[in-house]
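Subject: Structure handover

Hi,

Here is the structure I promised to pass on. Please open it next to this email and follow along.

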Amino acid sequence: AALPALVVALGAPLLLAAAAAREDRRGTTVYLLAAPLDLAELFLARLLVRTVWLALAAFLAMLLGAFFLRAHWPAEAVFPAMLAVAFGCSGAAAMGLLLGALLGGEGTAPRLGVVLLPFMVPLVMGLSSCLFELREGGGWADIEGWLRLLGVFAIAAILLGVQTYGRALRG
């Protein structure tokens, strides 16, 4: 049950650091700043793409765990598990984008990977606890507190990113 949480925790810094390195190498940030679009919209578009990437990796980890480790998932646990993974991935992606913009410039990728790891602790705790409870047959009542933690973290990270991403990106 912890495998998808570890994929999100370790995959988010790697994925976002690689994306930051690609943008540094290509110099796309300069073009994005000159584009006639709101930077909050840019943040939300990037957030959507990175959330989908992380969620696909987490769901793949769940499928591989079910196949290779014979981990049985009750049918009623699928929707709450998807919700927990979506909250966890969107929070991780939002925090990664914002920290990537704050650390922007040459050599962002290695620093982003290191700085992002402490922010993954509540996500790993919440996501692994939710998925463990669900896999063991728990219901909504068993994961309600952890799901709230994941949701609040995701919403706070997204709102903070929408408000500050443009200023952080401009330096």
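What is the handedness of the crossing of helix 4 and helix 7? The crossing is left-handed. Before you read further, please keep in mind that this is a predicted model.

**Overall layout**

The protein chain has seven helices and zero strands. From the N terminus on, the order of elements is α-α-α-α-α-α-α. The chain counts 171 residues, and 44% of them are buried. Now take the contacts in the chain with a separation of 6 or more: residues 24 or more positions apart account for 80% of them.

**Helix 4 with helix 7**

Back to the pair in the question. Helix 4 covers residues 78-102 and helix 7 covers residues 140-170. Their axes come within 8 Å and cross at roughly 25°. Angles under 35 degrees count as roughly parallel, so helix 4 and helix 7 are roughly parallel to each other. By class, their contact has 23 nonpolar, six polar and no charged residues.

**Helix 4 with helix 6**

Helix 6 spans residues 121-135. The axes of helix 4 and helix 6 come within 10 Å, with a crossing angle of roughly 170°. That makes helix 4 roughly antiparallel to helix 6. Which residues meet here? Helix 4 brings Pro-80, Ala-81, Ala-84, Val-85, Gly-88, Gly-91 and Ala-92. Helix 6 brings Leu-123, Leu-127, Cys-130, Leu-131 and Leu-134. The contact divides into 10 nonpolar, two polar and no charged residues.

**Helix 6 with helix 7**

The axes of helix 6 and helix 7 come within 9 Å and cross at roughly 150°. Because angles over 145 count as roughly antiparallel, helix 6 is roughly antiparallel to helix 7. The crossing of helix 6 and helix 7 is left-handed. On the helix 6 side, the contact is made by Pro-122, Leu-123, Met-125, Gly-126, Leu-127, Ser-129, Cys-130, Glu-133 and Leu-134. On the helix 7 side are Asp-142, Ile-143, Trp-146, Leu-147, Leu-149, Leu-150 and Phe-153. By class, this contact has 12 nonpolar, two polar and two charged residues.

**Single residues to look at**

- Leu-127 lies in helix 6. Its relative accessible area is 1%, so Leu-127 is buried. Leu-127 takes part in the contact with helix 4 and in the contact with helix 7. Leu-127 and Phe-87 are 40 residues apart in sequence, yet their C-alpha atoms are 8.7 Å apart in space.
- Cys-130 has a relative accessible area of 0%, so Cys-130 is buried.
- The structure holds zero disulfides.
- Thr-51 lies in helix 3, which covers residues 39-68. Is Thr-51 buried or exposed? Buried means under 20% relative accessible area, and Thr-51 is at 14%, so Thr-51 counts as buried. Leaving aside residues up to four places away in sequence, Thr-51 touches Ala-86, Cys-89, Ser-90 and Ala-93.

**In brief**

Helix 4 runs roughly parallel to helix 7. Helix 6 is roughly antiparallel to helix 4 and roughly antiparallel to helix 7.

Best wishes

Methods:
Residues are numbered from 1 along each chain as its sequence is written. This is a predicted model: local features need pLDDT of at least 70, side-chain atom pairs count only at pLDDT 80 or more; totals for chains, interfaces and linings use all residues. Side-chain values use heavy atoms; hydrogens and water are left out. Helices (H or I, at least four residues) and strands (E, at least two) are DSSP runs, numbered from the N terminus. Buried means under 20% relative accessible area, exposed over 50%, partly exposed in between (1.4 Å probe, protein chains only). Contact means heavy atoms within 4.5 Å. Axes are lines fitted to C-alpha atoms, for helices over the stretch in contact, and angles run from 0 to 180 degrees between N-to-C directions. Angles under 35 degrees count as roughly parallel, over 145 as roughly antiparallel, 65 to 115 as roughly perpendicular and the rest as oblique. A crossing is left-handed if the near helix is turned anticlockwise from the far one by less than a right angle, and right-handed if clockwise. Ala, Val, Leu, Ile, Met, Phe, Trp, Tyr, Cys and Pro count as nonpolar, Asp, Glu, Lys and Arg as charged, and the others, Gly among them, as polar. A disulfide is a pair of cysteine sulfur atoms within 2.5 Å.
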